[in-house]
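The following note concerns the model shown below and is arranged as numbered points.

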Amino acid sequence: MKHTSDVIIVGGGVIGASIAYHLAKRGQSVTLLERSRLGTEASAAAAGMLGAQSEMEDTGPLFQWARQSRAMFPELSGELRSLTGIDIGLVREGLLNVALSDAQEQELRAREKLQRAAGERAEWLSAAAAAALEPALSKATRGALYLPEDGQVEAPQLAAAFAQAARVLGAKLQEFAHVQGLLTERDRVVGVMTSEGPLYSEHVVVAAGTWSGQFLAGSGIDLPVYPVKGECFSVLTEKRELQKTLFTPGCYIVPKAGGRLLVGATVVPNSYDRKVSLTGLAELMERAKQLMPAIGDAEWEKAWSGLRPQTLDGMPYIGKVPMYEGLFAACGHYRNGILLSPITGKIIAQLVSGEDAGSLQLNLDAFCPDLSGTSKRMEGGRQQGEELQSIEAAH
């Protein structure tokens, strides 16, 4: 049995490409298999927010991973540009988490205290102070939590840069590769079966986004991942109307280069339907105008949708899959795939290479793809998809 490479990665989005890049940096031979075009699913649909603080409701493991991953972007941006010439569009102008109601103000004021206690920069601004930073804000603004460390990148460029950098470092990237299932011997994975025949390796990493759960189920592995459709649109303005990303429950507005504003995103759990609905867009437009009235005068550009991969407890699966030796998962990142891509790639590469990942002081148990009754991940975690979906529906 001849190994095709040291590691086979199933899935060529931003997560799979990051893993390929970090493995190739360590001298591992890598084959990445993507069923369509590289980076064209959720990675291409993402707004690119690096919201380590903006969406985190506590300072648990996900927050700790998020802020460490965010801190990796400045150096990563230079590395990727040096290798590929691709500018990932890193912008560090900060984010305004805007309150449009009393309840939102109370929640954000509490979050300010929580995040400052965790050592992060966070400042509650009055309505007047927020308007001084961003005059385009609605006069209905009650105030805003200013998060100067949160930022953004161009998501498609990040995915492309990871993939191209991996290729430069020797990884083999194959598009339109139909992977049918895992190849196993006893309790070890030995490769994958494709429509063109078997490919062998010592390690397999499943990073297929929304389709990861279905793929693993074919080998008797229960790692539930379900899609959450998000619809977005973009508009063009004659001048730059915003410097900072605006975020409020149910809507965000991300300023991009050239006066472009990206607006997202609806939340439709358990839908593989990629169509963009008039109802969804109308709801999103109304929320955007409540946040920034002048957006109603902007020129329409386009609309699109993406399928975000979610898990039952809201935590991604990152690490060893206990059923088979040599098998790893990196999926279920939901809204945070872009943000968590650097740290996910680094951690998986360290685990596959047999390195100690403890140097990053991260709680790996919280993301371990072990859903047995005795796993630490399951202690106190949400087990009902319905509960999580009700939370999603509120956003």
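1. Within strand S15, valine 254 has leucine 262 as its bridge partner. The model is predicted: local features need pLDDT of at least 70, side-chain atom pairs count only at pLDDT 80 or more, and totals for chains, interfaces and linings use all residues. Residues are numbered from 1 along each chain as its sequence is written, and side-chain values use heavy atoms, leaving out hydrogens and water.

2. S14 (residues 251-256) and S15 run antiparallel and are joined by 5 bridges (strands are DSSP runs of E, at least two residues; helices are H or I runs of at least four; pairing requires at least two DSSP bridges). In their hairpin, with 3 residues between the strands, glycine 258 takes a positive phi near 75°.

3. S12 (residues 226-236) is likewise antiparallel to S15, with 5 bridges; serine 234 is opposite leucine 262.

4. Because 5 of the 5 residues of S15 (residues 260-264) are buried, the strand is largely enclosed by the rest of the structure (buried: under 20% relative accessible area, 1.4 Å probe, protein chains only). Arg260, Leu262 and Gly264 lie on one side, Leu261 and Val263 on the other.

5. The largest nonpolar core holds 52 residues, and Ile9, Ile19, Leu80 and Leu158 have the most contacts inside it (a core joins buried Ala, Val, Leu, Ile, Met, Phe, Trp, Tyr and Cys residues through side-chain atoms within 4.5 Å). Helix H9 contributes the largest share, 9 residues. A separate core of 23 residues includes Leu125, Phe233, Leu242 and Ile295.

Conventions:
Buried means under 20% relative accessible area, exposed over 50%, partly exposed in between (1.4 Å probe, protein chains only).
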